[in-house]
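Take a walk through the structure below.

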Amino acid sequence: MQQSAVTAHGKKPLALLGPAEPSLLERLVPGANTWHKSATVVIGIIAVSLLAQARFYLPDNPVPITLQGFGVLMLGGVLGWRLGLLSAFGYYVVGMAGLPVFTGGGGGWDYVIHGVTGGYLLGFILSAAVVGYLSQRGWNRGRSLWPMLIGSLLIYLPALTWLSVFDFPWPADGQLFSDAMYPFIPGDILKLMAAALVTGGLWRFVDRRR
């Protein structure tokens, strides 16, 4: 006897990952063509660049708290994984090329390769792609919080690896997590909640417009 895909309550079980669906951008602008999508990539780069300038430093910590993380989560949540990845990667490339798009107007090869924030910048690329992928696989609307949480945590994967591999004077031995991750978690929670609220609200707007 074939097992039914419907539960006893008459509802289908919630799949971990659903089928691929259009991004929030494609729902908001159904007729978006290549030029429109290219423009959103550029706008995304500019937006993250501006958000990077909103910053403050914790005592004895060279890595600033910024709004970049919020911008990166929004790239994936709104643009989807392809355009989100392209925007985050584009932000990294134009910064590496010397444009003053990083925090404090920083930019250039030396800023990235010889700086303690280089791993965080790589984490932005990973985060935007994963958030976008999950958002297009059903983790949107009422589930928007989860890709934002995962995306926020993924920023730390290359960041902590970067600080572990390269011989920087910061953080001190044995203080990798206590200096380079834990102090930023409260702010990251606020940013991921804000990103989830904004994208969730935009999804509700799209659904009502149908």
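Arg 27 is partly exposed because its relative accessible area is 25%. Here buried means under 20% relative accessible area, exposed over 50%, and partly exposed in between, with a 1.4 Å probe and protein chains only. This is a predicted model, in which local features need pLDDT of at least 70, side-chain atom pairs count only at pLDDT 80 or more, and totals for chains, interfaces and linings use all residues. Residues are numbered from 1 along each chain as its sequence is written, and side-chain values use heavy atoms, with hydrogens and water left out.

Arg 27 has a charged partner. Its side chain meets that of Glu 21 in a salt bridge, at 4.0 Å from N to O. A salt bridge is a side-chain nitrogen of Lys or Arg within 4 Å of a carboxyl oxygen of Asp or Glu. Glu 21 counts as buried, since its relative accessible area is 18%. The side chain of Glu 21 also forms a salt bridge with that of Arg 141, at 3.8 Å from N to O. What does this second bridge tie together? Glu 21 lies in the segment before H1 and Arg 141 in the loop between H5 and H6, so the pair links parts that are 120 residues apart in sequence. Helices (H or I, at least four residues) and strands (E, at least two) are DSSP runs, numbered from the N terminus.

Arg 141 is partly exposed, at 26% relative accessibility. Asp 207 bridges to Arg 141 as well, and the closest N and O atoms are 2.8 Å apart. Asp 207 sits in helix H8 and Arg 141 in the loop between H5 and H6, so this pair ties together parts that are 66 residues apart in sequence. Asp 207 is partly exposed, with a relative accessible area of 30%. Through shared partners, the salt bridges join Glu 21, Arg 27, Arg 141 and Asp 207 into one network. The structure holds five salt bridges.

Now turn to the nonpolar core. A nonpolar core is a set of buried Ala, Val, Leu, Ile, Met, Phe, Trp, Tyr and Cys residues joined through side-chain atoms within 4.5 Å. The largest one has 47 residues, and those touching the most other members are Tyr 91, Tyr 120, Leu 121, Met 148, Leu 163, Trp 170 and Ala 180. Two or more residues come from each of helix H1 (24-28), helix H2 (34-51), helix H3 (68-96), helix H5 (118-135), helix H6 (145-165), helix H7 (176-180) and helix H8 (185-209). Which helix gives the most to this core? H3 does, with eleven residues.

Leu 163 shows what such a position touches. Setting aside neighbours within four places in sequence, Leu 163 is in contact with Val 116, Tyr 120, Phe 168, Trp 170, Pro 171, Leu 176 and Ala 180. Contact means heavy atoms within 4.5 Å.

Ser 87 is found in helix H3. Ser 87 counts as buried because its relative accessibility is 0%. Asp 188 belongs to helix H8. Asp 188 is buried, with a relative accessible area of 15%. With neighbours within four places in sequence left aside, Asp 188 is in contact with Ser 152 and Tyr 156.

Next come the rings. The structure holds seven aromatic pairs. Rings of Phe, Tyr and Trp (its six-membered ring) pair if their centres lie within 6.5 Å; planes under 30 degrees apart count as stacked, over 60 as edge-to-face and the rest as tilted. Trp 162 and Phe 166 make a tilted pair, 4.8 Å centre to centre with 50 degrees between the planes. Trp 162 is buried, with a relative accessible area of 10%. Phe 166 is partly exposed, at 37% relative accessibility. Phe 166 also pairs with Phe 168, again tilted, at 6.1 Å centre to centre and 50 degrees between the planes. Phe 168 counts as buried, at 16% relative accessibility. Elsewhere, Tyr 91, Phe 102 and Tyr 111 form one aromatic cluster.
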